[in-house]
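Please find below my note on the side-chain contacts of this model.

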Amino acid sequence: MSGLRLAAARIGLPAWFIVIDLLWIAKPDVLAIDARHYQRAASAWLAGSDPWMVTESGVGFAPGPHTLLFYAPTSFLPLWLAQVVWMGIGLAASIWLVRRLGVPLWWLLFPPLVHAIWNGNPQTIAVALLVAGGTAPAVLAVGLKLYAGVALALRPKDLIVSAIGLAVSLPLLPWELYLRDAGAIAGYLSGSWDGSAWRLPILIPPTILGLWILRRRGAEWLAVPAIWPATQFYYVAMALPAVVKRPLLAAVFALPAPLLVPIAVIAMAASTVWRERRGPQAQQRPTGIVRVGRKL
């Protein structure tokens, strides 16, 4: 049985990832779409235009103003070269992330991660910064992706310094435009994939409770895809540190289906409570899903 389980983890799981990547993610029309969109928005801002009116394939720009700062330095490059730069940084961050987690390189095929790499979204960079640890990387991660602050819930010092960093940047950023465009931005987000508990609000209370129960078992990595509003599929890449040692959970999270993460959080929390009530002997029994990762 252990041999079959090992074969499934080393052969079946990467094959599963590849199938999903090819069928759902690897589409030529969206290659580098986010790298292009973010760069065009930053360039529009520097030129005195409204970045939230910049659209790509009919979709408006929705990230907060702080993200624009990261793309300002590459605004002086030709657009195609800026895309290459950001795609390269995202891929390099992903390779570093997988190596840091101590797993084989085929984990780069994890579909939410591939989704971010393929689209050129800075999600991979934010996750790598969080896993790197330390205050400076945390500040950069939150500046790049505001919701990265959720993963800092158990790192209060880094969270506070990140909040101060955001506050310091306020005078540099077009918050007035962002607030004026809030209605349009909300409209963009309403059409998102939204795989979190917000898709079915009745799941929000048990998901929050589940995250609290799992707070010492990797909940910080599960919180964003489980409970952050208007999630995209690539947000699930945030859960990578929690699933690399749990093949079954990774296989489930690889599916581009909404609500899987909040349902998994609820199930894992219920299993944890049950085992704790059963006593030490029950807690020692391997379940394959409760211990969702290692603390980094």
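The points below treat the basis of the values, then salt bridges, nonpolar groups and aromatic pairs.

1. This is a predicted model, in which local features need pLDDT of at least 70 and side-chain atom pairs count only at pLDDT 80 or more, while totals for chains, interfaces and linings use all residues. Residues are numbered from 1 along each chain as its sequence is written, and side-chain values use heavy atoms, with hydrogens and water left out.

2. With a salt bridge defined as a side-chain nitrogen of Lys or Arg within 4 Å of a carboxyl oxygen of Asp or Glu, the count is six. One of them joins arginine 180 to aspartate 50, at 3.1 Å from N to O. Arginine 180 belongs to helix α9 (residues 175-180) and aspartate 50 to the loop between α2 (33-46) and β1 (55-56), so the pair ties together parts 130 residues apart in sequence. Helices (H or I, at least four residues) and strands (E, at least two) are DSSP runs numbered from the N terminus.

3. Burial is assigned by relative accessible area: buried is under 20%, exposed over 50%, and partly exposed in between (1.4 Å probe, protein chains only). Arginine 180 is exposed at 59%, whereas aspartate 50 is buried at 12%. Arginine 180 also meets aspartate 181 in a salt bridge, with 3.8 Å from N to O; aspartate 181 is buried, at 7% relative accessibility.

4. Glutamate 276 and arginine 217 form a further salt bridge, their closest N and O atoms being 3.1 Å apart. This pair links distant parts of the chain, 59 residues apart: glutamate 276 is in helix α15 (residues 260-278) and arginine 217 in the loop between α11 (204-213) and α12 (219-227). Glutamate 276 is partly exposed at 41%, as is arginine 217 at 23%. Elsewhere, a network of salt bridges links Arg36, Arg40 and Glu56.

5. A nonpolar core is a set of buried Ala, Val, Leu, Ile, Met, Phe, Trp, Tyr and Cys residues joined through side-chain atoms within 4.5 Å. The largest such core has 80 residues, and Trp107, Phe110, Leu113, Leu240 and Phe253 have the most contacts inside it. Helix α12 supplies the largest share, seven residues. Leaving aside residues up to four places away in sequence, phenylalanine 110 touches (heavy atoms within 4.5 Å) Phe17, Val236, Ala237, Leu240, Val243, Ala250, Phe253 and Ala254.

6. Tryptophan 24 and phenylalanine 233 are edge-to-face, at 5.2 Å centre to centre and 80 degrees between the planes. The two lie 209 residues apart, tryptophan 24 in helix α1 and phenylalanine 233 in the loop between α12 and α13 (240-243). Tryptophan 24 is partly exposed at 32%, while phenylalanine 233 is buried at 1%.

7. The ring centres of tyrosine 71 and tryptophan 86 are 4.1 Å apart with planes at 25 degrees, so this pair is stacked. Tyrosine 71 lies in helix α3 (residues 66-71) and tryptophan 86 in helix α4 (residues 79-100), and both residues are buried.

Note on methods:
Phe/Tyr/Trp six-rings, centres within 6.5 Å; stacked < 30°, edge-to-face > 60°.
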